[in-house]
Amino acid sequence: MANISDIIEQFIISTLGQDNELSLSRNYLAQYFNCAPSQINYVLTTRFNFNRGFVTESQRGGGGYIRLIKIQNTKDEFINRLIQLLEGEISYKDAGYMLQELLVHGVLTLPQAEVIDAAIAPKALGLHIDMENKLRAQILKNILVNKLRNSGDLVTNDS
């Protein structure tokens, strides 16, 4: 059975549909799902963030709203944005979200994503969490730089 965060996420995704922008009422959603408004905030923060291809605008108060905007990029712009996000470190969970987005954008095939997932898994890296997250980020960054090199549209000069 899905938890409330998964249900809220699926509701928002289905409401968004093929549109690139959606305005919602935080209080309405909280009442609809019989949960605290902070639960809606949690879903928006963790499931509809920049890493997952969204910008969230929010206005609190009586006429407050939440506006979700799906970022529209070319494949190469999308890859470059992800490369910039990989400058520090990335958790295995966030790397999984990133791999999902790479699949959705057609950057990776499912077999490629599965191999990468196996290579960046905690069992494969076997390091202290801080070092593991840094190494995982470097591995993903190098894969994405290679993808851009092969497409001929590399705009970052570090690898």
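This report describes the fold, the sheet, the nonpolar cores and selected residues of a predicted model.

## Overall architecture

The protein chain contains eight helices and three strands. In sequence order, these elements follow the pattern α-β-α-α-β-β-α-α-α-α-α.

Of the 159 residues in the protein chain, 35% are buried. Among contacts with a separation of 6 or more, 57% are between residues 24 or more positions apart.

## The three-stranded sheet

The three strands form an open sheet with antiparallel pairing, in the order β1-β3-β2. The edge positions are taken by β1 (21-24) and β2 (54-59); each has a single partner strand, so one side of each lacks a neighbour in the sheet. On average, and with direction ignored, neighbouring strands of this sheet are turned by 15 degrees against each other.

Strand β1 and strand β3 (residues 65-70) run antiparallel and are joined by four bridges. Within this part of the sheet, Glu 21 is placed opposite Ile 69 of β3. Helix α1 (residues 4-16) lies across β1, β2 and β3, and runs at about 125 degrees to β1.

## Leu 22 in strand β1

Leu 22 belongs to strand β1. Its relative accessibility is 12%, which is under the 20% limit, and Leu 22 therefore counts as buried. With neighbours within four places in sequence set aside, Leu 22 is in contact with Ile 12, Thr 15, Leu 16, Ile 66, Arg 67 and Leu 68.

In soluble globular proteins, nonpolar side chains tend to be buried together. The largest nonpolar core of this model has 20 residues, and Leu 102 and Leu 140 have the most contacts inside it. Two or more residues come from each of the elements α4 (75-85), α5 (92-104), α6 (110-120) and α8. The greatest contribution is that of α8, with five residues.

Apart from this core lies another, of 16 residues, which includes Leu 22, Ala 30, Phe 54 and Leu 68. As for Leu 102, not counting residues up to four places away in sequence, this residue touches Phe 78, Leu 82, Val 107, Leu 108 and Leu 144.

Arg 136 is located in helix α8. Its relative accessibility is 0%, and for this reason Arg 136 counts as buried. The side chain of Arg 136 reaches the backbone oxygen of Ile 90 at 3.1 Å, and also makes a polar contact of 2.8 Å with the side chain of Glu 132. Beyond its neighbours within four places in sequence, Arg 136 is in contact with Ile 90, Ser 91, Tyr 92, Ala 95, Ile 120, Ala 121, Pro 122 and Leu 125.

Lys 141 also lies in helix α8, which spans residues 129-151. With a relative accessibility of 6%, Lys 141 counts as buried. The side chains of Lys 141 and Glu 87 are joined by a polar contact of 3.2 Å.

## Aromatic pairs

There are five aromatic pairs in the structure. Tyr 32 and Phe 33 form one that is edge-to-face, at 4.9 Å centre to centre and with 80 degrees between the planes. Ring pairs also link Phe 11, Tyr 28, Tyr 32 and Phe 33 into a cluster.

The accessibilities of Tyr 32 and Phe 33 fall into separate classes: Tyr 32 counts as partly exposed because its relative accessibility is 48%, whereas Phe 33, at 14%, counts as buried.

## Asn 34 in the loop between α2 and α3

Asn 34 is found in the loop that lies between α2 (26-32) and α3 (37-47). Although Asn 34 is not a glycine, it has a positive phi of about 55 degrees. Its relative accessible area of 72% is over the 50% limit, so Asn 34 is classed as exposed.

Notes. Residues are numbered from 1 along each chain as its sequence is written. This is a predicted model: local features need pLDDT of at least 70, side-chain atom pairs count only at pLDDT 80 or more; totals for chains, interfaces and linings use all residues. Side-chain values use heavy atoms; hydrogens and water are left out. Rings of Phe, Tyr and Trp (its six-membered ring) pair if their centres lie within 6.5 Å; planes under 30 degrees apart count as stacked, over 60 as edge-to-face and the rest as tilted. Buried means under 20% relative accessible area, exposed over 50%, partly exposed in between (1.4 Å probe, protein chains only). Two strands pair if DSSP finds at least two bridges between them. Axes are lines fitted to C-alpha atoms, for helices over the stretch in contact, and angles run from 0 to 180 degrees between N-to-C directions. Contact means heavy atoms within 4.5 Å. A polar contact is a pair of N or O atoms within 3.5 Å; within protein, one must be able to donate a hydrogen and the other to accept it, and residues adjacent in sequence count only if both atoms are side-chain atoms. A nonpolar core is a set of buried Ala, Val, Leu, Ile, Met, Phe, Trp, Tyr and Cys residues joined through side-chain atoms within 4.5 Å.
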